[in-house]
Amino acid sequence: PLVKTYLPILFLSRVDYPLLTYIIYLPAIFFLILFWFKPKAGTALLAGLFGGLLFYTYFHKWVYFVVVFGLLFLYAILFRRKDTARVKNFIFLLMAMAATSIPYFINYFRLNNFSGSEDLLQRLSLETCRSINLSAWPSYAVYLVLAVLVYFVFYENFQLKAILYWSFITAAFIVWNIQVVIGYVPHSDHWPRAVNPLLFMMIFDIVFNFFEILTRRKAGFKKLMSFLLVLSMCLLVAKKTVNAAGFLKADGSLLQKYSLNGDVLESYGWIGKNYGDVSVISPSFITSIYLAGFSSARPYLPWGGVTPISNFDLENLFLKSNKIFGVSSEVLEERLRDGKGIKCKSGCELPYLDSNIKGTRFYLYQLYFMENKKDGDRNIPESKISELLARYENLNISWKDSGADFAYIGPFEREFSAANLDSDKNLSKVFDNGSVKIYKIIK
């Protein structure tokens with residue numbers, strides 16, 4: 001806490017993941033452990049309920065938990081058949097989880113019916129193969145060491161705990177290589193997000209048992225370790241507090257860096273208040289994302305990571321959004337090449353503006369081009385860039401034909417186009433606060 005730590009320092013600074021997902025994930029872990037040691041109907045219901053709710057939080061978490069449940073259930077029916085209460089309530093747990101997850105699978109099958117669903121899955125880094133993930137060998141080594149420690153520390157006196165921990169470890173290895181069975185996996189590097197909380201719990205339990213042995217032999221050691229543990233917890237909370245408190249009286253430059261332009265925010269509020277659910281066209285993906293987040297308007301140009309349309313249809317919307325704002329072919333090509341060659345015009349120190357210029361490939365294709373992965377980068381293939389430029393040259397579009405209701409031009413759009421729309425007879429200016437202009441498309 002003595003270090004000035006504004007924003008992205010602690011892992012828990014992210015809101016969507018992990019803070020929101022942990023609201024479900026931590027209770028799911030707790031009730032699973034509670035059920036394993038007290039296999040009653042009530043604990044089974046709670047474990048199944050929160051296990052089912054994981055389907056609505058994070059893909060890797062629910063898949064990992066389903067594998068854990070499967071391993072524990074397999075152990076119960078193979079080696080604990082005489083423990084009828086455990087087997088019976090475990091079936092009840094699985095039924096509760098299945099019932100809770102029904103809406104998820106309804107939406108999943110509905111998504112699969114969209115023509116662009118396959119492209120969407122590939123944009124989300126759908127890695128297709130049937131081979132063991134050897135790149136995760138450091139994780140495998142940790143799992144092996146933990147499995148051995150669990151045996152020596154717990155198996156003799158706490159067999160149920162050892163079986164539970166081995167299930168966590170075995171499930172971790174399985175999910176890392178689930179592509180061997182089903183042939184694909186999205187974001188294979190995200191499995192630690194599901195596995196690591198349980199690994200840390202096991203490590204803490206092992207260390208705690210080790211310290212318990214030491215405290216029996218050395219007087220005063222227990223008090224010392226208790227003090228250090230409490231101190232560490234206080235420092236962690238203090239570090240987060242310092243991080244948050246820094247914004248109570250933050251200097252202007254800091255607030256400006258992490259705040260949207262006031263005129264831009266005003267425009268989002270205005271269009272949401274006065275027009276509601278309307279389609280707004282802009283060549284900027286950042287405008288599309290923030291417009292959807294800060295107003296009830298619908299962006300004409302969607303973000304590729306959240307829309308179930310095909311790559312071809314998404315490319316068409318991108319090309320049309322640029323063409324109608326007069327973006328040159330040269331600038332379009334620079335956008336497709338991660339903004340190389342585009343010089344920032346204003347507010348260049350703002351992190352979101354950097355993404356506006358350099359993020360076209362990501363917002364359009366996400367992680368689609370696996371074959372071009374090199375040093376963590378996935379460039380758009382030259383053949384695809386040439387194809388898009390050819391389509392752009394032959395593209396003709398009018399405001400009326402676009403299908404949008406409003407045209408939006410602000411600081412993000414001016415990084416790509418200097419178009420003056422005031423004199424366009426097909427547009428009627430309805431908002432102007434100096435930085436942002438909004439035009440109603442005359443149909």
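Predicted model: local features only at pLDDT ≥ 70, side-chain atom pairs only at ≥ 80, totals over all residues.
Local features require pLDDT of at least 70 and side-chain atom pairs count only at pLDDT 80 or more, while totals for chains, interfaces and linings use all residues. Residues are numbered from 1 along each chain as its sequence is written, and side-chain values use heavy atoms, without hydrogens and water.

Aromatic pairs number 44, where rings of Phe, Tyr and Trp (its six-membered ring) pair if their centres lie within 6.5 Å, with planes under 30 degrees apart stacked, over 60 edge-to-face and the rest tilted. The rings of tryptophan 62 and tyrosine 104 are edge-to-face because their planes stand at 70°, with centres 5.6 Å apart. Both residues are buried (under 20% relative accessible area; exposed is over 50%, partly exposed in between; 1.4 Å probe, protein chains only). Ring pairs join tryptophan 62 and tyrosine 104 to Phe55, Tyr56, Phe59, Phe105 and Trp191 in a cluster. Phenylalanine 362 and tyrosine 363 also pair edge-to-face, at 5.5 Å between centres and 70° between planes; phenylalanine 362 is partly exposed at 34%, whereas tyrosine 363 is buried at 12%.

Arginine 335 lies over the face of phenylalanine 416, 3.8 Å from the ring centre, and lysine 323 over that of tyrosine 392, at 4.7 Å (criterion: NZ of Lys or CZ of Arg within 6 Å of the ring centre and within 35 degrees of the ring normal).

Five strands form an open, mixed sheet in the order β4-β3-β7-β9-β8 (strands are DSSP E runs of at least two residues, numbered from the N terminus; two strands pair if DSSP finds at least two bridges between them). Strands β4 (298–299) and β8 (427–432) stand at the edges with a single partner strand each, so one side of each lacks a neighbour in the sheet.

Terms used:
Helix = DSSP H or I, 4+ residues; strand = E, 2+ residues; numbered from the N terminus.
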